Amino acid sequence: MPLELFAGIYVRDFEAAQAWYVSVLGSVPTFLASDTEAVWELGEHRYLYIQENAHHAGHAVQTILVDDLDACVDRITERGIEPVKRETYPDGMRKALYRDPDGNEIGYGGAA
């Protein structure tokens with residue numbers, strides 16, 4: 001059985017958050033699990049979902065590793081969202097951080 005990832009992010013306002021995640025992830029959800037839950041397939045057996053739950057919103061930290069970080073960041077910028085922070089680690093790994101309206105962190109990382 002292949003390893004699967006189903007990572008979730010709680011948000012306060014599902015409709016507003018869904019629009020933001022469409023911009024950051026670059027596509028509409030793969031499917032809607034309910035009226036307040038949207039799911040994106042990032043790769044085979046790898047999913048990211050948002051779910052409305054105001055009580056727990058704002059505490060998620062996710063990092064998505066990509067082959068070409070600069071191209072990924074450029075595409076997100078073209079969709080109107082800028083990283084809030086960029087980091088470079090001693091081993092050369094780089095990361096661009098984004099924060100959704102609730103404060104959840106979505107990072108895109110890649111090698112130098």
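The largest nonpolar core of this predicted model has 24 residues, and the members that touch the most others are Ile-9, Tyr-21, Ile-50, Tyr-98, Ile-106 and Tyr-108. Which elements give two or more residues to this core? They are strands E1 (5-11), E3 (37-43), E4 (46-52), E7 (94-99) and E8 (105-110), together with helices H1 (14-25) and H2 (69-78). Helix H1 supplies the largest share, with 6 residues.

Now pick out Tyr-98. Leaving aside residues up to four places away in sequence, Tyr-98 touches a whole group of residues, among them Trp-20, Val-73, Ile-76, Ile-106 and Tyr-108.

Next, step back to the whole chain. You can find 2 helices and 8 strands in it, and along the sequence they come in the order β-α-β-β-β-β-α-β-β-β. The radius of gyration is 14 Å, close to the 13 Å that the globule rule gives for 112 residues, so the chain is as compact as a globular protein of that length. Its C-alpha trace spans about 40 × 35 × 25 Å along the principal axes. If you take the contacts between residues at least 6 apart in sequence, 52% join residues at least 24 apart.

Buried residues account for 41% of the 112 residues. The accessible surface is about 6600 Å², and carbon and sulfur atoms hold 50% of it. The chain also carries 9 positive and 19 negative charges, whose mean positions lie 7 Å apart.

Methods. Residues are numbered from 1 along each chain as its sequence is written. This is a predicted model: local features need pLDDT of at least 70, side-chain atom pairs count only at pLDDT 80 or more; totals for chains, interfaces and linings use all residues. Side-chain values use heavy atoms; hydrogens and water are left out. Helices (H or I, at least four residues) and strands (E, at least two) are DSSP runs, numbered from the N terminus. The radius of gyration is taken over C-alpha atoms; the globule rule is 2.2 Å times the number of residues to the power 0.38. Buried means under 20% relative accessible area, exposed over 50%, partly exposed in between (1.4 Å probe, protein chains only). Contact means heavy atoms within 4.5 Å. Accessible areas come from the Shrake-Rupley method with a 1.4 Å probe; for residues, only the protein chains shown count as cover. Lys and Arg count as positive and Asp and Glu as negative; His and the chain ends are not counted. The place of a charge is taken as NZ of Lys, CZ of Arg, CG of Asp or CD of Glu. A nonpolar core is a set of buried Ala, Val, Leu, Ile, Met, Phe, Trp, Tyr and Cys residues joined through side-chain atoms within 4.5 Å.
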